[in-house]
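Biologist: I am new to this one and would like to learn how to read it. Could you walk me through it?

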Amino acid sequence: MHKLLASIKKEIILLMRDWGGLGILFLMPSILLVTITLIQESTFQVVGEDVMPVVLVDDDQGDIGKTIQENIAKSGAIEIVTEWKNRPIDEKLARQLVSEGKYQIALVIPEGLSNKLDDRINTNVEKILKQFSMEESDSAKENISSITKDEISKIKIFFDPAAGSTFRNSVKNNIEKMLSKVETQKIYTIFEDQMGIRTDKNLLEGNAIEFDEIIAQKGEDGILPNAVQHNVPAWILFGIFFIVVPLGINIVKEKNLGTFIRIRTSPVSYATIISGKIITYLIICLIQFALMLLIARFVFPLLGLIPFKPGSHLFEMLIVVIFSAFAAIGLGILIGTVCKTQEQSAPFGAIFTIILAALGGIWVPVFVMPEVMQKLSVISPMNWGISAFYDIILRNGNLGDISKELLLLILFFAVTFLLSLWINKRNNLI
Amino acid sequence: MVRDFNLKIDRGEIFGLLGPNGAGKTTLISMMCGLLTPTSGEIRISGIRFDSKRTEILKKIGVVPQEYALYPTLTAFENLEYFGSLYNLHGKDLKNRIEKGLEKVNLLDYQNRRIKDFSGGMKRRINLLTGILHKPEILFLDEPTVGVDIQSKDVIINILKGLNKQGTTIIYTSHHLSEAQHFCTQITIIDRGKILMEGTSDELIHSVQGANNLEEVFLELTGNQVRNDA
C-alpha cells in the first residue's frame, strides 16, 4: 500500500510539473467544449433565430412577389434586401453579391410569373369545373390556355458556394413551403372568382394537419435535447480519451529515461507501478468531469448558452466517466507500451483519439453518417461512451439500460491492458 | 552474447568487470540484477536462484545504471523519496537516510532543486545515492564515474569504498582502467561473452609479460583494434 501511494504521489507531481500535459488534460477539452457549443449554437441561430438578409429581385412585380414579401415580413426571420449602394439589385448584381459572399441567398422572381401562373391555374380550374358540368360556357372553351408547367418561368435561388448543404436545404424547404402557400391561395381565389362566391379569409390560415412534437423518453423528468446536452457529454468523453497522449508519453519517457530499469530492479511489482498510473489518471478524469460540468453549469450562461444540468443523472454519469476512463487508460498504456519514442507516442495518441472521436460520433452524430461509417462507429469506445451518456441524459435511462456499453468499455480496458502485458512480457520488460 | 560463462563473486569483494565495447558486460550485469533472463544456466545470489525468489533477491541488491535513472522534473529529494519507498522505506527513517546521503554526496543544499537543473557530476552522485539508500548487500554499478569531474569521481569512489567496508559487495564495470586497478579487489576481463582473465589487479599485471599496469594487460588481451560494437 505504501509503495502504491508513493507511486501515485510521484505520478501526480510529474503531471503537476508538466504544463503541456496539464494543458492537454484540462485546458484543451474546456476550450473545445465552450467553442464548439458556441459555434453550434450560433450556426443554429443563423438558420433559425437571427434575422437573415435575403436579396430579392422581383422582375414579376405581380402577386407572387408581393405575397412572398408579405410572408417573409410575417416570419420575422428574413430581411429582404432589394438595393445595393442605393441602386436597385437586378439578377446579375444579385448573382455577383452572392458569389462574393456579401449575401448567402438571392431570390429572383422572373417577369410575368404571376400572370402565367394565374393563366395556368385559371385553365385548370375551368377544366375541373367543366368536368363537373358546373359551367357550360363557350368562351371558357375558347380561353382554355395551352400553358404547361414547363412554360412557367422558374424562380431562381442563388446560394453562396460556402453555404453548407444542410443550410441550403433548410432555406429551400422554407421557400418551397411559402410558394406552395401562394399557389394554394391563388387556386382558392380563382375558384371563388369562377364560382362567384366569397369564403372566410381565415380559411387558409394555418395547416389543416398539424403535429405534436414529443420527445420519446422514459419517465417524466428527462431533459429536453439541445446542443448543450449533446456537447457536454461528447467533450467530457473527448477530454477523457485525450489522456492517452500524456499517459503514453509518461510510459515512453519512463522507459527511455532509465527510471524503468531502476523500478524493475526494485522489489516492487509491475501491478503496483501500473496501478499507481491507473489511479492517478482515473483521478484526472474525475477532475476533468467535474471541471467540464462546472463550466457547462456556470460559464455557459455567461456566454449566452443554456446551462447544463445533469438533474438526477449525476451518479449514472459518474459511472460512465469511470468506465470510459478505464478504456482510455488501457489505450494510453498500450500506446506507451508499443511506441518507442515520445515523437511516436504523442502524435499517434492524438491522431488516434481524434479518429476514434470522429468515428464514435463526437464531432458529428452517428445517425447522419453514411451507412458504412455508422457500422464502423460501433468499434469506437467513444461511441459506447456517448451512447451511454445519451441513454442516461436524453432518454432518461438507468444503469441497466447502459450495461452493454459499460461492459464494452471495461472489456476494451481488459483487452488493451492484457495486450500491453503480453508485449512487455515478450520484450522481457516485466 | 554471453556463453560458457562461470563466475563466482565472493561476499565483500569489489569486483571489476572489464572489457571493450561489445564484450558482454552490460548483458552480464543485466542478468545478474534480473533485467534479463538467461536462455540457459542460472544465477544465484546468496545461494538463491533469481527465478525462484525474485523479490527476495531484489531487496538485497542495489543497481546504479549508466544512464541517469532519475525523473528530471522531480527534485533530488523527491527522486530519493520515491525510489526509497519502493524498498519499503518511509517516514522519519527514509528522511534521515536521504539527508545523510545527500550530506555525504555534498548535495544537501540542493535537495529541493529539480534534477534537470543539476550538472552531470551532481546527477551522477544522486544516481549513486538512489541505488544505495536502502543499504544493499550487493551493489551493481555500470560505469558509475563516466563523464564526471575528478572531484565528483573522488566522492563516488570514497562512498563506494565506505560501503564496501560496511560489508556491501560491489560489482562494477568501467572503462577507467586505472580507477579499476586501484579500486577493485578482484577483476575479470571479458571479451565477446567469454572470460579472458581473472584475479587481483596485481595478479593480472604479473601474468602478462612486460605489463606495468592494467591498461597494458587489457590491450594485450583484447587487442588494439577499434571496436564498433554497441
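Predicted model: local features only at pLDDT ≥ 70, side-chain atom pairs only at ≥ 80, totals over all residues.

Biologist: Which residue of chain B has a positive phi although it is not a glycine?

Modeller: That is B:Asn88, with a phi of about 65°. Look for B:Asn88 in the loop between helix H3 (76–85) and helix H4 (91–104) of chain B. B:Asn88 is partly exposed, because 15 C-beta neighbours lie inside 10 Å.

Biologist: Now the overall picture. How many helices and strands does chain A have?

Modeller: Chain A has 16 helices and 6 strands. (These are DSSP runs numbered from the N terminus: helices are H or I with at least four residues, strands E with at least two.) Of its 430 residues, 33% count as buried. Among contacts in chain A with a separation of 6 or more, 80% join residues 24 or more positions apart. (A contact needs C-beta atoms, placed from the backbone, within 7 Å.)

Biologist: Which domains does chain A have?

Modeller: The domain assignment gives domain 1 (2–43 + 225–426) and domain 2 (51–204); such bounds come from an automatic or database assignment. The C-alpha centres of these domains of chain A are 54 Å apart.

Biologist: How do I read two packed helices? What is the angle between H9(A) and H13(A)?

Modeller: Two packed helices are described by the angle between their axes and the distance between the axes. Here, helix H9 (residues 244–257) of chain A and H13(A) pack at about 160°, with their axes 8 Å apart. (Axes are lines fitted to C-alpha atoms, for helices over the stretch in contact, and angles run from 0 to 180 degrees between N-to-C directions.) H9(A) and H13(A) are therefore roughly antiparallel. (Under 35 degrees is roughly parallel, over 145 roughly antiparallel, 65 to 115 roughly perpendicular, and the rest oblique.) H9(A) passes H13(A) in a right-handed crossing. (Right-handed means the near helix is turned clockwise from the far one by less than a right angle, left-handed anticlockwise.) The contact residues include A:Gly248 and A:Val252 of H9(A), and A:Ala346 and A:Gly349 of H13(A). They divide into 6 nonpolar, 5 polar and 1 charged. (Ala, Val, Leu, Ile, Met, Phe, Trp, Tyr, Cys and Pro count as nonpolar, Asp, Glu, Lys and Arg as charged, and the others, Gly among them, as polar.)

Biologist: At what angle does helix H13 (residues 342–360) of chain A cross helix H15 (residues 381–393) of chain A?

Modeller: The axes of H13(A) and H15(A) cross at roughly 45° and come within 7 Å. That angle is why H13(A) is oblique to H15(A). The crossing of H13(A) past H15(A) is right-handed. A:Leu356, A:Ala357, A:Leu359 and A:Gly360 of H13(A) meet A:Pro381, A:Met382, A:Asn383 and A:Ile386 of H15(A). By class, the residues of this contact are 6 nonpolar, 2 polar and no charged.

Biologist: How many residues does each chain bring to the contact between chain A and chain B?

Modeller: Chain A brings 20 residues and chain B 27. On the side of chain A, helix H1 (2–16) and helix H10 (259–264) each supply at least two, and H1(A) gives the most, with 6 residues. That side has 8 nonpolar, 6 polar and 6 charged residues.

Biologist: And what is the angle between H1(A) and H3(B)?

Modeller: H1(A) and H3(B) pack at about 150°, with axes 9 Å apart. So H1(A) is roughly antiparallel to H3(B), and their crossing is left-handed. A:His2, A:Lys3, A:Ala6, A:Lys10 and A:Ile13 of H1(A) meet B:Glu78, B:Tyr82 and B:Ser85 of H3(B).

Note on methods:
Residues numbered from 1 in each chain as written. Chains lettered and ligands numbered in written order. Contact = placed C-beta atoms within 7 Å. Buried ≥ 20, exposed ≤ 12 C-beta atoms within 10 Å, placed from the backbone.
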